[in-house]
Amino acid sequence: MSGYFEDLAARLRAAGVPEQRVAATVDDLRAYLGDSGTDPEEEFGPAAEFAGMLTTGAEPPAAEPAPGERWVWTADIFADRRRLNEFGEQGWEVETVDHLGRFVCTRAPDRPQRWEYRREVVAPADRERVGERLAPDGWEPCGTWFFYAYYKRPKAALVGPAAELDAPPPRPAGRVFFSGRFYLFVAVYLLVLVPLVIGLRHVFPGSSLGWDLETVVGMIVGLAAGLAGTTVVILVAERRHRRRQGR
Amino acid sequence: MSPMTADRRASWLKGVLDLLVLASLSEGESYGYQIARTLADAGLGQIKGGTLYPVLNRLEEAGLLATEFRAAERGPGRRYYRLTDEGRRTLDEEGARWLAFDESVRAVLTKGRSR
């Protein structure tokens, strides 16, 4: 069923139907099928034909749509959902999550609409099944990061045209949003694990364990260093970015 | 119902469906599926969403219907339709024309059958 509505929505958009109207139409038609219990193609006919009948009189796009704003940012796992919904309220739509785990967003230049987000812990093999479960409520996938799958939904699906923003706020100044919990996590990680590793070296000066202690020690120290190093790199990059913007 | 009878009924419906939709909203707002049910319960047969929605769209574009999308507590929201003042005026005027046409058809058919 979701394939039919995705196809229909794409055709309506291509015909110049505004996004919130597309979302409301698809929702309304889904509700219709919920009542009738029929198949979409049987009830409405082929998506291409039905879209044509719904768009008689709709204004086709006069030209290429004006490019929207683009913004890439990141947040830690403790803050990502709160930040996503905060920025979604400001009209930012996540297009994807890049290989560095950053949210790649766009915002329409004229009357953008608000978005809401959710995150699910999903094994890659289960993504399709979870996507199908969430689709009837208007959620669509917008990116993955390891076992985290992110979903977006236009607010128009809930509140209709009221989801439009008349005066969206300016783009947030920052691009990295680490929470206090994240810094606490890093601090605890370093404070607990590093002394633990040093202690282990004293307790087991040789390699009498079942596996190579030096390897374990190296691994833990490496993890700690990696985590600390990544944090430093991200913070330095952000500071440089801000400095460049300030020029 | 033979295919020819079904085709004829479809043609009749095509000419009057917009008025039937307007009439189904004369007592208050409604949504797509409920409008289809109202018309089916009146004996007009099951009208598919693929036929009904384009009519609703045209009536809305013509300013005869106003719409409001409402979220549902669970599941997708619905678009509710209601008559505008112009829609009510159109229903009165065009409805009267249809009834006059119907009366003429009825008179001819009745005369033909009584021979």
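Visitor: What share of the 115 residues of chain B count as buried?
Guide: 23% of them. Buried takes 20 or more other C-beta atoms within 10 Å of a residue's own, exposed 12 or fewer, partly exposed lies in between, and C-beta atoms are placed from the backbone. This is a predicted model: local features need pLDDT of at least 70, side-chain atom pairs count only at pLDDT 80 or more, and totals for chains, interfaces and linings use all residues. Residues are numbered from 1 along each chain as its sequence is written, with chains lettered from A and ligands numbered from 1 in the order in which they are written.

Visitor: What is the mean pLDDT of chain B?
Guide: 89, and 94% of its residues reach 70 or more. pLDDT is the predictor's confidence in each residue, from 0 to 100.

Visitor: And which scores does the model get?
Guide: ipTM 0.88 and pTM 0.48.

Visitor: In what order do the elements of chain B run?
Guide: α-β-α-α-β-β-α from the N terminus. That comes to four helices and three strands. Helices (H or I, at least four residues) and strands (E, at least two) are DSSP runs, numbered from the N terminus.

Visitor: Why does Asn85(A) count as partly exposed?
Guide: Because Asn85(A) has 14 other C-beta atoms within 10 Å.

Visitor: Which residues does Asn85(A) touch, beyond four places away in sequence?
Guide: Glu116(A) and Tyr117(A). Contact means C-beta atoms, placed from the backbone, within 7 Å.

Visitor: How far is Asn85(A) from Arg118(A) in space?
Guide: 8.3 Å, C-alpha to C-alpha, at 33 residues apart in sequence.

Methods
Two residues are in contact if their C-beta atoms, placed from the backbone, lie within 7 Å.
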